[in-house]
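Please look over the chain shown here before reading on, and keep it in view while following the text.

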Amino acid sequence: MFTITTTIVLLVHVICETVMVAAFRIPQHNILSPSSFSYHRRQQQQQQQQRTIVCNVSNGDKDYYSNLLSTFKGDFDNYNQVIQDRIHGLEPREGGGHEHIHCTLVPCPQHHNDHQDQQQQQQQSQWVLAAFYFNGNLQKIFRFRMYQLIQPISNELPVRMKLNTLLPHVERQLREYSEKPCIWWKEVWKIWCKENRIDIQQQTDVKEWNKLQAEGIPTLVSSLEGCDVLWEPNWEPSKHAYLYNNEYDDDAITDIPLSTGESYHATMEAGKKGTIVDSISLIPGKRILIKDELSLWNDEFWINDRGYDPDDDSMPFVYGNQRGVPYKLQKVSNFITSHASTDIELQLQRELVNSDLEWTLGEEYIKRVVSTKDAAYRSIMT
């Protein structure tokens, strides 16, 4: 009976995968969701009711910075948006659709000291490791970044986020552990300790850890000048027009206030004109004009990131959505620590918040999903 059941499960998996590949038309190595294409089609009407967003939440509270930090972490994935694109006949790039991308934001563990004076607290910043990859495949990371979110001296001022690339040897080390983002900061710590001839003890030294954050991390990254992003506590809707547009022309949608909880919105300090940088990972030696806006909720992260060729008079797209529709990533997990406030735990833990998308987190989670579904099939068949 087990052999027959297993065969049935494999046949079902193959059929679903074949249908999904035809729907996506995405290059090989695309890892497909266990969810069926027909399920997403049945959900189309419900999801279409979430196209127009009226953001009317004020974020001018005293905890804006800390609330932003608590939200700007975890895994985010736009798989469901890609499904809707394909249903509407939209392919990536010139086709007006989106690539399937995943964003992982890993915050640097903090040492909390209740005795820090106010001036020290105001000068604090949060470092966040960020990785972006295609098609739920952690072996296809196309961008590594290190963000530094700097606490403003006033609650009315924006939170400045500085963008940095990793030095080559740091990025190589993290890519060796691409499927284990929970230990990325542990690897950064090892690299810094080795370069500074510091013996790695069983328990992390608080003084050295603080020195790493204040002085060490800047030596492991290269700043992307002119690319600073500002998270505005009093944001201007005119700078985020995409929030109010229907994504698909055939949606008969009226204004529906769907924003729940706090929202955070950011634009580049350079403004609408963007900024020109030298491409590192996409087209080495090529300049790219970058334009970017961001919107963040507790359960979604929208990235309106576009790149253009400034050396061509027609300013052709290099990357990004050519209809100006942001990548709408849904939250999949949080990164948490279980340590006491006086300790430093370098290995973080993942807290799953969206089981439908957990397969996008890597091979370990794909096996768990398949194992769970296989067990469910076996319980039904037997």
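Predicted model: local features only at pLDDT ≥ 70, side-chain atom pairs only at ≥ 80, totals over all residues.

Residues are numbered from 1 along each chain as its sequence is written, and side-chain values use heavy atoms, with hydrogens and water left out.

The chain contains ten helices and 14 strands, where helices (H or I, at least four residues) and strands (E, at least two) are DSSP runs numbered from the N terminus. Of its 382 residues, 48% count as buried, that is, under 20% relative accessible area with a 1.4 Å probe and protein chains only. Among contacts (heavy atoms within 4.5 Å) with a separation of 6 or more, 68% come from residues 24 or more positions apart.

The largest nonpolar core has 36 residues, and those with the most contacts inside it are F72, L105, Y147, L149, M161, W231 and F301; such a core is a set of buried Ala, Val, Leu, Ile, Met, Phe, Trp, Tyr and Cys residues joined through side-chain atoms within 4.5 Å. Apart from it lies another core, of 30 residues, which includes C108, I141, I191 and I198.

L149 belongs to strand β4 (residues 141-150) and counts as buried because its relative accessibility is 0%. Not counting residues up to four places away in sequence, L149 touches several residues, including Y65, L68, F72, V128, M161 and W231. R160, eleven residues from L149 along the chain, has its C-alpha atom 5.7 Å from that of L149.

Helix α5 (residues 79-87) is largely enclosed by the rest of the structure, because nine of its nine residues are buried. The buried residues of α5 include the charged-class residues D85 and R86, and just after the helix G89 takes a positive phi of about 75°.

Two packed helices are described by the angle between their axes and the distance between the axes. The axes of α7 (residues 168-175) and α8 (residues 184-195) come within 10 Å and cross at roughly 140°, the axes being lines fitted to C-alpha atoms over the stretch in contact, with angles running from 0 to 180 degrees between N-to-C directions. The two helices are therefore oblique to each other, since angles under 35 degrees count as roughly parallel, over 145 as roughly antiparallel, 65 to 115 as roughly perpendicular and the rest as oblique. In this contact H169, V170, Q173 and L174 of α7 meet W184, E187, V188, I191 and E195 of α8; by class, five residues are nonpolar, two polar and two charged.

Methods: Buried < 20%, exposed > 50% of the residue type's maximum accessible area, 1.4 Å probe, protein only.
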